[in-house]
Amino acid sequence: MRKLELYIDKDGENLRCGYTTGSCAAAATKGAAIMLLNKQKIAGVEISTPAGIDLLLPLNNIEIGEDFALCSVTKDGGDDADSTDGMEIFSKVTLREDEEINISGGIGIGRITKKGIYGEIGDYAINPVPRQMIEKELRKVSSTQGFNVEIFAPEGVEVSKRTFNKNIGIEGGISIIGTKGIVYPMSEDAFIKTIYLEIKSIAENYGVDGTIVLTPGNYGVDFAKEEMNLDHSVKISNFIGKSLKYAYKLGFRRFYLIGHVGKFAKLSLGAYNTHNEVVDLRMEAFVYYMALDGVEREILEEIDLLLSAEEATEYLVSKNLGYIIKKMEKGAEERIKKYLKDDDIEVGVRMYSMKRGVKFD
């Protein structure tokens with residue numbers, strides 16, 4: 001496979017870009033349409049992307065029949081490879097008797113099961129921009145001929161199990177997505193948009209009157225469901241502030257957050273993006289809340305020398321100071337109310353350590 005030779009600088013590192021499943025679908029469709037009309041195989045096609053970058057993509061798995069043609073393009077995520085990286089995105093094209101273009105999905109393409117996604121419940125998860133790209137490339141092939149297009153991905157059912165799709169209401173396969181056609185490595189914007197989609201999906205399908213659970217990872221999702229019977233969880237990674245503000249904007253007023261003490265120690269001091277490259281206030285948080293409680297200076301100095309939140313937690317427990325974690329949780333709750341400028345919201349914050357879970361007695 002010919003790789004896209006487009007690079008961006010990210011924090012001093014030269015990272016290669018890739019192209020989206022939407023670009024793959026558009027290229028495979030254009031290739032299949034050309035071969036259907038000409039009854040001759042071609043090696044690749046050139047397409048335009050919304051990012052203003054033209055792609056020359058090779059075609060694989062070519063098959064030309066009497067009334068159809070199909071081929072595939074290999075997804076390339078560049079240095080931001082995700083679950084769909086390396087999989088084949090197929091398009092099967094047939095002719096219509098009118099000038100319309102009909103785009104549908106097949107095996108491995110998920111269907112929308114909840115409101116809040118780009119489409120109606122039951123539709124195939126082929127987003128608007130990829131649909132526009134497909135139509136645009138087909139009109140380059142013929143301005144008047146109508147086409148039926150079926151996008152499919154035989155590996156899609158299995159690959160989808162490693163994606164966020166089920167959380168945002170897409171089941172049975174992958175999504176054909178991409179607003180730019182190009183995958184830019186380490187894209188925070190793309191990840192945040194996924195978080196927003198999940199929050200919006202919960203709001204539109206279950207309403208905003210219940211409690212929404214925001215958690216950096218899987219532990220929080222499992223704990224909320226198994227221990228608290230709370231199902232509406234969203235994994236937010238380090239983006240606590242953006243997630244809170246978006247959920248609040250949609251109308252949520254009851255929040256429950258659960259996360260590792262290392263991340264939420266930072267939250268307890270008002271850090272709303274907890275990535276290590278943004279902020280590292282773990283030991284400072286322990287020292288702050290212990291000092292407020294009147295803990296002697298010698299202990300403060302000892303904990304300040306520790307390197308990890310896990311070590312600090314164990315140290316607290318060894319000194320019968322495990323209750324300090326509860327004070328940090330309370331502090332985080334108050335910070336969130338100030339952050340959202342609303343003292344009437346309900347906020348619960350729970351911290352856990354890898355060794356002790358949520359119990360620090």
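Author: Gladly; what follows is a set of questions about a predicted model, each answered by setting a value against its cut-off.

Reader: What makes up the secondary structure, and how much of the protein is buried?

Author: The secondary structure consists of 11 helices and 17 strands. Of the 361 residues, 48% count as buried, where buried stands for a relative accessible area under 20%. Along the principal axes, the C-alpha atoms fill a box of roughly 85 × 45 × 30 Å.

Reader: Why are strand 15 and strand 17 said to stand at the edges?

Author: The open sheet has 4 strands in the order 15-14-16-17, with parallel pairing. Strand 15 (233-235) and strand 17 (346-352) each have a single partner strand, so one side of each is left without a neighbour in the sheet. From one strand to the next, the twist averages 20°.

Reader: How do you know that strand 14 and strand 15 pair?

Author: Two strands pair if there are at least two bridges between them. Strand 14 (residues 212-215) is joined to strand 15 by 3 bridges, and the two run parallel, so they meet that cut-off. Thr215, for instance, has Lys235 in strand 15 as its bridge partner.

Reader: Which helices lie across these strands?

Author: Helix 5 (residues 218-228) lies across strand 14, strand 15, strand 16 (254-260) and strand 17, at about 125° to strand 16. Helix 11 (residues 323-339) lies across strand 16 and strand 17, and runs at about 145° to strand 17.

Reader: What makes Tyr196 and Tyr246 a stacked pair?

Author: The structure holds 4 aromatic pairs, and this is one of them. The ring centres of Tyr196 and Tyr246 are 4.2 Å apart, with 15° between the planes.

Reader: Why is Tyr246 called buried, while Tyr196 is called partly exposed?

Author: The relative accessible area of Tyr246 is 18%, so it counts as buried, the cut-off being under 20%. Tyr196 has 24%, so it is partly exposed, a class that runs between the 20% and 50% cut-offs.

Reader: What else is buried in helix 6, and what covers those residues?

Author: Besides Tyr246, the buried residues of helix 6 are Ile240, Gly241, Ser243, Leu244 and Ala247. Their cover includes helix 4, strand 14, strand 16, helix 7 and helix 11. After helix 6 comes Gly251, with a positive phi near 120°.

Reader: Why are Tyr272 and Tyr339 called stacked?

Author: Their ring centres are 3.8 Å apart and their planes are at 20°, so the pair is stacked. Tyr272 lies in the loop between helix 7 (261-267) and helix 8 (282-292) and Tyr339 in helix 11, so the pair ties together parts that are 67 residues apart in sequence. Tyr272, at 17% relative accessibility, counts as buried, whereas Tyr339, at 21%, counts as partly exposed.

Reader: How do you know that the contact between Ser175 and Asn165 is polar?

Author: The side chains of Ser175 and Asn165 make this contact at 3.3 Å, and the cut-off for a pair of N or O atoms is 3.5 Å. Ser175 is in the loop between strand 12 (170-171) and strand 13 (182-183). Its relative accessible area is 9%, so Ser175 is buried. Leaving aside neighbours within four places in sequence, Ser175 is in contact with Thr21, Ala125, Asn165 and Ile170.

Reader: Why is Arg111 said to sit over a ring?

Author: The charged end of Arg111 sits over the ring of Tyr124, 3.9 Å from its centre, and the distance cut-off is within 6 Å. Lys92 lies over the face of Phe68, at 4.9 Å from the ring centre.

Methods
Residues are numbered from 1 along each chain as its sequence is written. This is a predicted model: local features need pLDDT of at least 70, side-chain atom pairs count only at pLDDT 80 or more; totals for chains, interfaces and linings use all residues. Side-chain values use heavy atoms; hydrogens and water are left out. Axes are lines fitted to C-alpha atoms, for helices over the stretch in contact, and angles run from 0 to 180 degrees between N-to-C directions. Contact means heavy atoms within 4.5 Å. Rings of Phe, Tyr and Trp (its six-membered ring) pair if their centres lie within 6.5 Å; planes under 30 degrees apart count as stacked, over 60 as edge-to-face and the rest as tilted. Buried means under 20% relative accessible area, exposed over 50%, partly exposed in between (1.4 Å probe, protein chains only). A charge sits over a ring if NZ of Lys or CZ of Arg is within 6 Å of the ring centre and within 35 degrees of the ring normal. A polar contact is a pair of N or O atoms within 3.5 Å; within protein, one must be able to donate a hydrogen and the other to accept it, and residues adjacent in sequence count only if both atoms are side-chain atoms.
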